[in-house]
Amino acid sequence: MPFDGLMLKSLLSEITPTIIESRIERIYQHTDFEINLFLYKNGATNKLIISANPSLPKIFLSQINKKNPDVAPNFCMLLRKNLIGGKIINVEQYDFERIVKISIQTRNELGDSVERNIIFEMMGKHSNIILTNQENRIIDAIKRLPPDITVRTIMPGRIYELPTVIKKSITEISFEDYKNLFFTQNIPLEKFLLNNFSGFSKQLSNEISLYAQEYLKNLSDEQFLKRSFDYIKELINIIENKNFNPILYFDNQNKPIDFYFINLRNIYKDNYKQRTFDSINKCIEQFYTIKEEQFYFNEKKTHLKKVINQAFEKIM
């Protein structure tokens, strides 16, 4: 599922106007990895879901109602203490990395105006939600990472540092540099994009490579690279101008398998069903709603099978 850096950039461009200037009314923590922020603005309340689940990290606005937990975990209580009543003043993504910083203007115990930040690192099994102060010092994290078990330490009191970023920004490279870098590495285009530039998923890299190869018999290597480079620049242009065409993809059993802000027509062809949306956020919300329903259905099915098997064992 390509919730990659470009997809994240697209989503944030859509939902940031709704989030900015909102007041944080309530905070709940539904699982070990997920927080829900209830945001109030102009007479309306929106719920921002942020999940550092290792399998399905996510961020989006949701209108789906859930029963809130009766008891709040310690991290949730800390968020409430620091953020309730605060106003969101900025939402920032680091280039095309899957890292989001939400800045909140609030007040401390003495009534002084202070800034707090929620930093969401959306990085698979390394995903995290981190609370920092205005000096960039970590207050706490939903997943603490002590120095004895990891190279990168995420602990209260430590200065927050970005993960080591060695990839280039696709917006800051010319075609000549792009071409020269490609020819020095002697690897397939999809691997080249993944290895060198921030924001690209495996699926998107494959899509770009397949697009560039459409007329490969008639193209030189340089023309092939130019087609891929132009396609990437067109993606950036779509994001900047918000000309999105959000699509949710289903397999032949009507299970959602993917989504993106444009049609990935080269990797998802006729054997995949599609549903278009007028909003990226609605597309993402639908994907995770169905996924969650399927998860709980399978969980109940597994539990029921276990109960039945235990009953049969007693009878036998």
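Mentor: A polar contact is a pair of N or O atoms within 3.5 Å; within protein, one atom must be able to donate a hydrogen and the other to accept it, and residues adjacent in sequence count only if both atoms are side-chain atoms. The model is predicted, so to speak of local features requires pLDDT of at least 70 and side-chain atom pairs count only at pLDDT 80 or more, while totals for chains, interfaces and linings use all residues. Residues are numbered from 1 along each chain as its sequence is written, and side-chain values use heavy atoms, with hydrogens and water left out.

Strands (E, at least two residues) and helices (H or I, at least four) are DSSP runs, numbered from the N terminus. The side chain of serine 103 makes a polar contact of 2.9 Å with the side chain of asparagine 117. With a relative accessibility of 4%, serine 103 counts as buried; that term stands for under 20% relative accessible area, whereas exposed is over 50% and partly exposed lies in between (1.4 Å probe, protein chains only). If neighbours within four places in sequence are set aside, serine 103 is in contact (heavy atoms within 4.5 Å) with Lys87, Ile88, Ile89, Asn90, Glu115, Arg116 and Asn117.

The next element to consider is strand 7 (residues 113–121), which is mostly covered, seven of its nine residues being buried. Strand 6 and strand 7 run antiparallel and are joined by nine bridges; two strands are said to pair if DSSP finds at least two bridges between them. Within this pairing, isoleucine 102 stands opposite isoleucine 118 in strand 7. The two strands form a hairpin with five residues between them, in which glycine 111 takes a positive phi near 90 degrees.

On to strand 8 (residues 128–133): six bridges join this strand to strand 7, and the two run antiparallel. Asparagine 117, the polar partner of serine 103, stands opposite threonine 132 in strand 8. The hairpin of strand 7 and strand 8 has six residues between the strands, and glycine 124 takes a positive phi near 60 degrees there.

Strand 3 (residues 44–51) and strand 4 pair in the antiparallel sense over five bridges, with six residues between them. Leucine 48 stands opposite leucine 61 in strand 4. In a regular strand the side chains alternate between the two faces of the sheet. Strand 4 (residues 58–62) has five of its five residues buried: Lys58, Phe60 and Ser62 lie on one side, and Ile59 and Leu61 on the other.

As for the setting, the protein chain has seven helices and 12 strands, and its C-alpha trace spans about 65 × 65 × 45 Å along the principal axes. Of its 316 residues, 45% are buried. Among contacts between residues at least 6 apart in sequence, 53% join residues at least 24 apart. The accessible surface comes to about 16,900 Å², with 49% of it belonging to carbon and sulfur atoms; such areas come from the Shrake-Rupley method with a 1.4 Å probe, and for residues only the protein chains shown count as cover.
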